[in-house]
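Let's take a walk through this structure together. Have the fold in view and follow along, one region at a time.

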Amino acid sequence: MEVDEQMASLLGSRSASPRTDARNAILLPRCQSPRIPSNVCARVTNVRMTDDHGQALDAEYSVERDGDYLAVILESMSGRADGRPPRNTHYRPALELILRRLKERRAVIETAIVDSRRTQLLPESGRSLISEPVRLADVPDPHLLRRRLTNAQTTIGQAPDARRPGNSTKRIRLRLSVPGYDSSDADRLAVDLAARPLPEADGEPDRRPLPARQPTAGDEVTSPGRDGRSGGSGYMTDQVLKVALEQHAVLIAMDHYRDVEGYDVENVGNRRSYDIRAIRGTEELHIEVKGSSGLADKVELTSNEVDHAHGTDTHLVIVDEIRWRKLPDGTVETSGGRARRWTAWTPAEEHLTPARYWYRPPAHADELPLPSRSQPERFDSPEPRGAR
């Protein structure tokens, strides 16, 4: 069956009620709008996909021709307002599923922009979600890419003096190059993305050159050990890796409290004695987050973190066993992990072990004369203890 015949059979008589095709794509006709010419009705039909278990998702998307590319448009999520029920409540899992199914088709995201009515007057450079094309075949974890796309939305369209970030579920447009599809295949891609996963494809993934390098199998990769030994999240000399693990853990915690528990969340770790402020109605709680690439049965706490947890409703979230990859440019890419939480967390004295001390020496001291030398000293690496 040709795609136009297939779409026509799926759309049927264009009744106002949704229809489900043989591959579980829920098609939502929009031809009732007088602004949409009847001859292009099939091109603007929104689609609701089903997940890999056959469960329909409450999130609408469409596919259309966009110049020489195809574009996937995911509609925004909104809550209940003025008697209207919540809309597109599965926005985030739907976006992640779209990315995963595009990855199976070796697609390249050429550009990704916020495409809401409020932002369409802005130049695309001011509403872009990625700085360069993304080859999905080289993305190890679509979940992390989904978080990158949603988190990048929070500042777009915001006033410069806004005190809180904007929402992360706006209407977005992904311009795509998809092997096996050209710009006239919008209907076919829309239905294919709504279907269950493809079988494993034969042949090599598309290797067209991109402006910036994506991770490859040649990069240094480190995974958490599985030998059962206990570890901890303590001092780390690689500051880039330490920051990457901490940011990964904070993003996982923010996603949970926002997506699962319905809080408005804000990362405040750079200015507070905790990492995340979470607000839901009149409730406010603070979340301390720790990240580790090993098995963390203990974590490092500062005195300020301990004092704060004793005086405020605080949760502790530990994300350990994080996988990480060191790229040739020195940056670190992270994925995965195990997340655990302790609510109503107050660190008890018997669970705290002094690890370091501040020592203030007495005011009186014997001052030693320094020898005068004409040449700077040169030091060799010290011998390890016990070598003599």
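Before we meet two crossing helices, one term is needed: an axis here is a line fitted to C-alpha atoms, for helices over the stretch in contact, and angles run from 0 to 180 degrees between N-to-C directions. Keep in mind, too, that this is a predicted model.

Start with helix 3, residues 142–151, and helix 5. Their axes come within 12 Å and cross at roughly 75°. Angles of 65 to 115 degrees count as roughly perpendicular, and helix 3 and helix 5 are therefore roughly perpendicular to each other. On the helix 3 side, the contact is made by H143, L144, R146, R147 and N151. Helix 5 brings H248, L251, I252, D255, R258 and D259 to that contact. Sorted by class, the contact between helix 3 and helix 5 has five charged, three polar and three nonpolar residues.

## Two arginines in helix 3

Buried or exposed: what is R146? R146 lies in helix 3, and its relative accessibility is 2%, so R146 counts as buried. Leaving out residues up to four places away in sequence, R146 touches R92, L95, E96, L99, D255, R258 and D259.

R147 also lies in helix 3. R147 has 2% relative accessibility and therefore counts as buried. Once neighbours within four places in sequence are set aside, R147 is in contact with H248, L251, I252 and D255.

What holds strands in a sheet together? Strands of a sheet pair through backbone hydrogen bonds, either parallel or antiparallel.

## Strand 6 and its partners

Strand 6 is mostly covered, with six of its seven residues buried. How many bridges join strand 6 to strand 8? There are six, and strand 6 and strand 8 run antiparallel. I113 stands opposite R173 in strand 8.

Strand 6 also runs antiparallel to strand 7 (residues 134–135), joined to it by two bridges. Here V108 has R135 in strand 7 as its bridge partner.

## The nonpolar cores

The largest nonpolar core has 38 residues, and among these Y61 and I109 touch the most other members. Elements giving two or more residues to this core include strand 4 (56–66), helix 2 (91–104), strand 6 (108–114), helix 3 and strand 8 (172–177). Which element gives the largest share of this core? Helix 2 does, with seven residues.

A second, separate core has 21 residues. A244, Y263, V289 and V332 are included in this second core.

## Two loop residues with positive phi

Finally, stop at R106, found in the loop between helix 2 and strand 6. R106 is not a glycine, although its phi is positive, at about 60°. With 24% relative accessibility, R106 counts as partly exposed.

Another such residue is E321, found in the loop between strand 15 and strand 16 (323–326). E321 has a positive phi of about 55° and is not a glycine either. Why does E321 count as buried? Its relative accessibility is 8%, and buried means under 20%.

Definitions and conventions. Residues numbered from 1 in each chain as written. Predicted model: local features only at pLDDT ≥ 70, side-chain atom pairs only at ≥ 80, totals over all residues. Heavy atoms only, no water. Helix = DSSP H or I, 4+ residues; strand = E, 2+ residues; numbered from the N terminus. Parallel < 35°, antiparallel > 145°, perpendicular 65-115°, else oblique. Contact = heavy atoms within 4.5 Å. Nonpolar A, V, L, I, M, F, W, Y, C, P; charged D, E, K, R; others polar. Core = buried A, V, L, I, M, F, W, Y, C linked by side-chain atoms within 4.5 Å. Buried < 20%, exposed > 50% of the residue type's maximum accessible area, 1.4 Å probe, protein only. Pairing = 2+ DSSP bridges.
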